[in-house]
Amino acid sequence: MRQVVGAGWAGSWLVIDCRHEQRLPHPEALAGLVVTGSPHSVTDREPWVLSGEAYLRGVVEMGLPVLGVCFGHQMLAQALGGRVERNPRGREIGTVELTLQADDPLFRNEERPYWVNMSHLDSVVERPPNAELLGATKLDPHAALRFAERAWGVQFHPEFDREIIGHYAIRRSEALIEEGLDPQAVTEAAMDAPAGARVLRRFVERLVS
């Protein structure tokens with residue numbers, strides 16, 4: 001994340017692992033919050049997931065700028081009244097096209113086709129009340145959502161480039177083959193996705209504007 005943001009953020013970074021933190025920081029102590037990906041599943045409903053969702057509800061209500069990424073996107077959706085399940089369309093991995101559904105400050109229509117990098121099994125199958133649909137992919141109809149005035153979620157990974165996607169495909173090659181996917185083809189088709197990366201940068205720019 002820091003490498004993608006680069007010079008766009010000159011402030012300090014606070015890395016929090018909510019699996020182990022007993023007390024999460026008060027929102028007033030933060031300029032913004034990025035909820036990242038995780039190997040865990042929101043659907044497991046572990047205690048730390050439930051407490052994290054309660055924290056996110058409070059954060060959004062207070063108006064702190066929040067961006068959820070992959071697991072973070074799903075966690076925000078579940079916290080705010082949506083529903084997350086195993087994606088009925090199957091695993092989505094690789095560089096895919098995001099179809100923009102609405103205008104939003106984090107996205108730019110002129111950047112179409114909007115390529116993004118994905119790796120997920122779960123999806124937001126029902127978005128929260130009043131959440132605005134911003135973008136969809138072939139396998140995920142809720143790939144980008146705006147949950148509130150200052151809260152967004154994206155199923156894709158702004159921090160992933162083609163090398164990272166290739167690494168994920170090879171590491172998960174056995175599972176991909178069992179699911180009828182070709183890890184080598186995923187690797188060869190992978191691209192850097194600068195349009196997706198700029199979503200993260202634009203979010204950070206809003207913290208300092």
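1. The largest pocket of this predicted model has a volume of about 910 Å³. Its lining is made up of 33 residues. Among these, L14, V15, I16, L33 and V34 lie nearest the centre of the pocket.

2. Several secondary-structure elements take part in the lining of the largest pocket: β1 (33-35), α2 (47-62), α3 (71-79) and α7 each supply at least two residues. The greatest contribution is that of α2, which gives four residues.

3. The largest nonpolar core contains 27 residues. Within this core, the residues that touch the most other members are L98, F107, Y114, V154 and F156. At least two core residues come from each of α1 (2-5), β2 (66-69), β4 (92-100), β5 (114-120), β9 (151-154) and α7 (194-208). Of these elements, α7 provides the largest share, namely six residues. The helix α7 also supplies at least two residues of the pocket lining described above.

4. Leaving aside residues up to four places away in sequence, F156 touches V69, C70, L98, F107, V116, N117, M118, A143, G196 and V199. Two of these partners, L98 and F107, are themselves listed with F156 among the core residues that touch the most other members.

Methods. Residues numbered from 1 in each chain as written. Predicted model: local features only at pLDDT ≥ 70, side-chain atom pairs only at ≥ 80, totals over all residues. Heavy atoms only, no water. Core = buried A, V, L, I, M, F, W, Y, C linked by side-chain atoms within 4.5 Å. Buried < 20%, exposed > 50% of the residue type's maximum accessible area, 1.4 Å probe, protein only. Contact = heavy atoms within 4.5 Å. 1 Å grid on protein atoms, 1.4 Å probe; cavity = no way out; pocket = protein on both sides within 12 Å on 5 of 7 lines; lining within 4 Å. Points joined across faces, edges and corners; volume = space filled by probe spheres on them.
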